[in-house]
Amino acid sequence: MSEFLLDVKNVKTHFFTDKGVVKAVDGVDFKIKKGETLGIVGESGSGKSVTSMSVMQLVEEPGKTIEGAIKFKGEDLLQKTTEEMQTIRGNEISMIFQEPMTSLNPVFKVGEQIMEVLMLHQDMSREEAKNKAIEMLKIVGIPRAERVVDDYPHQLSGGMRQRVMIAMALACEPSLLIADEPTTALDVTIQAQILQLMNELKKKLGTAIMLITHDLGVVAQMADHVIVMYCGKVVEDAPVEELFENPSHPYTKGLMKSIPSLDDDKRRLDSIEGMVPHPLRLPKGCYFEPRCPYAIEKCKTHKPELKEIASGHKVSCFVATEEVR
Amino acid sequence: MKSEAIKKADAQKKNEEQEVVGLWEMVWANFKKNKLAVFGLIAISILILLVILAPIITPYERDAVDLLNAEQPPSMSHWLGTDELGRDYFTRILYGGRISLKVGLFSVGVSLVLGILFGGVSGFYGGWIDNILMRIAEIIYSFPFLPLAITLSAILGTKVSTENKMYMVMVIIGVLRFPGLARMIRGQILTLREQEFMQAATALGLSDSRKIFRHLIPNTFAYIIVNATLGVAGAIMSESALSFLGLGVVPPIPTWGNMVTYATRSYVLKNMPWLWIPPGFCIFIAVMSINLMGDGLRDAVDPKSNR
């Protein structure tokens with residue numbers, strides 16, 4: 001078994017629509033070590049959610065993962081049958097979603113929903129499962145957990161529901177937690193609490209986290225390692241300090257610049273010019289070239305590859321890797 | 001004026017408190033506001049109680065023949081008189097009610113099972129599975145109910161005993177009524193399956209059948225209960241119609257339906273009204289009260305009708 005918990009190699013998930021093939025994820029590589037947090041950053045439509053769905057094998061028609069390997073604990077998830085995946089989902093890999101308001105079944109008590117996972121994957125009796133559910137609710141910091149197990153989702157606030165979702169996801173003590181924009185729908189104070197909670201739980205339970213977000217602030221707070229995605233490809237891959245100190249891809253630089261700062265008195269926020277290209281009309285060369293302020297002739301015709309520029313820091317850009325000079 | 005405003009505010013407050021308690025409490029609170037529906041609930045409850053307690057209420061046997069006392073008008077010893085074989089009519093009304101209500105409940109049970117199965121599976125999977133299942137349901141749906149029921153019970157009815165014929169009628173009514181329920185459930189599932197909590201359920205590693213029957217169907221219970229309640233009334237009517245035509249449950253097993261048959265004899269119709277008014281009245285009360293209750297339930301369940 002390799003030292004990596006999750007080893008994603010050259011994964012391609014394409015959507016075969018009537019109008020053409022949308023390459024939502026187009027050859028993505030990344031690795032997550034045990035207990036590590038990987039941040040996946042990118043704009044809407046950059047393929048970060050589809051990447052997480054591919055790992056969970058939740059991509060729905062007309063989408064399909066057509067190439068690559070997703071090695072989890074040394075076994076390729078792409079080779080697993082539906083039944084085998086069902087024993088992994090929620091048990092060894094679990095997921096929390098963006099919308100805590102609608103991610104819980106409205107007609108069941110929250111306790112029941114946590115218990116269901118435990119009884120399904122861990123063969124617990126109702127009694128044991130209930131005790132474990134209460135314990136999990138306490139772990140995620142819900143006061144009066146004994147009462148809340150018997151509450152229905154609509155009786156809880158958004159932050160509470162996201163805590164319940166986390167409790168449910170972590171109930172079986174998975175080795176990997178996929179968090180798809182877990183705090184986007186929550187207000188800022190709750191957001192901070194939830195992130196702190198996830199960090200604490202990561203330390204306590206040793207769970208690796210794959211954190212999908214468009215918020216660089218969240219990444220800075222949570223991640224050990226970051227990949228930046230653009231149009232279904234990884235454009236930069238670096239440890240978090242390295243990425244913030246030395247962002248190399250023009251897209252990453254643009255993202256950094258567009259974070260509002262308290263120090264300067266600019267009236268307008270910096271933004272990256274232009275739009276994400278249409279997925280069916282991608283540029284011939286580097287996908288970022290039309291929006292890139294540093295673009296050179298070669299960028300229009302050739303696609304850059306991920307190249308290591310410092311230890312553990314990879315970037316796919318001709319300019320940054322100085323190939324042209 | 002003022003006191004009314006306060007009352008209103010109180011009622012609202014109460015309502016809000018109850019809303020925190022849960023769906024069913026809210027439904028009950030709304031249901032209570034509808035006087036007719038509560039009347040229906042009380043009426044049907046009394047009827048059910050009478051029917052269940054039949055052996056305690058009346059001293060007579062259901063089929064005890066007493067030819068010396070045949071065709072007696074209502075009296076102190078025979079509250080609703082006797083029929084042509086001298087059987088106590090009140091006793092037969094009570095026991096007949098047992099059968100009628102049983103047929104209503106059982107056939108709704110049959111359509112519930114079929115409806116949930118068909119509706120749940122075709123709504124969840126969609127595509128060709130949905131197409132096949134719904135076309136089957138629609139074929140059954142498109143037959144006119146009564147002629148088909150008559151034909152079926154005429155063909156199948158000759159081969160079975162009286163007792164079994166009762167169950168056969170239940171199944172026929174149930175099967176013929178399920179498509180409506182199946183379509184309703186399918187429609188609900190179609191919208192529910194796209195909800196985020198279903199994606200979450202998949203991510204938790206739940207199997208398809210668990211997702212359909214443990215997570216989706218319970219979300220449609222409110223609608224199912226309304227449909228089933230109204231269905232019981234419909235099934236009682238159908239049973240009465242079939243039995244009236246002699247194709248449903250046959251004597252000596254009494255049902256309200258086959259007891260009304262006395263009205264077809266002109267002599268009885270003219271001279272012995274105690275033989276056909278009471279069963280007709282019972283059908284009327286049962287069906288009306290169940291329908292009132294069902295309507296009330298529907299309004300209580302529908303969030304848009306919340307005033």
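Guide: Before we start: a crossing is right-handed if the near helix is turned clockwise from the far one by less than a right angle, and left-handed if anticlockwise. This is a predicted model, where local features need pLDDT of at least 70 and side-chain atom pairs 80 or more, while totals for chains, interfaces and linings use all residues. Residues are numbered from 1 along each chain, with chains lettered from A and ligands numbered from 1 as written.

Visitor: Which hand does the crossing of H3(A) and H6(A) have?
Guide: Helices are DSSP runs of at least four residues (H or I), strands at least two (E), numbered from the N terminus. H3 covers residues 110-122 and H6 residues 158-170 of chain A, and their axes come within 8 Å. Where H3(A) passes H6(A), the crossing is right-handed.

Visitor: Which residues of H6(A) does H3(A) meet?
Guide: Contact asks for C-beta atoms, placed from the backbone, within 7 Å. From H3(A) come Val110(A), Gln113(A), Ile114(A) and Val117(A), and they meet Val164(A), Ala167(A) and Met168(A).

Visitor: Which strands stand at the edges of the chain A sheet?
Guide: Chain A has an open sheet of 8 strands with mixed pairing, in the order E6-E7-E8-E3-E9-E10-E12-E11. Two strands pair if DSSP finds at least two bridges between them. Each edge strand has a single partner, so one side lacks a neighbour in the sheet; in chain A these are strands E6 (93-96) and E11 (307-310).

Visitor: What is the bridge partner of Glu236(A) in E12(A)?
Guide: Strands E10 (residues 233-239) and E12 (residues 313-315) of chain A pair in the antiparallel sense over 2 bridges. In E12(A), the residue bridged to Glu236(A) is Val315(A).

Technical notes: Axes fitted to C-alpha atoms, helices over the stretch in contact; angles between N-to-C directions. Contact = placed C-beta atoms within 7 Å.
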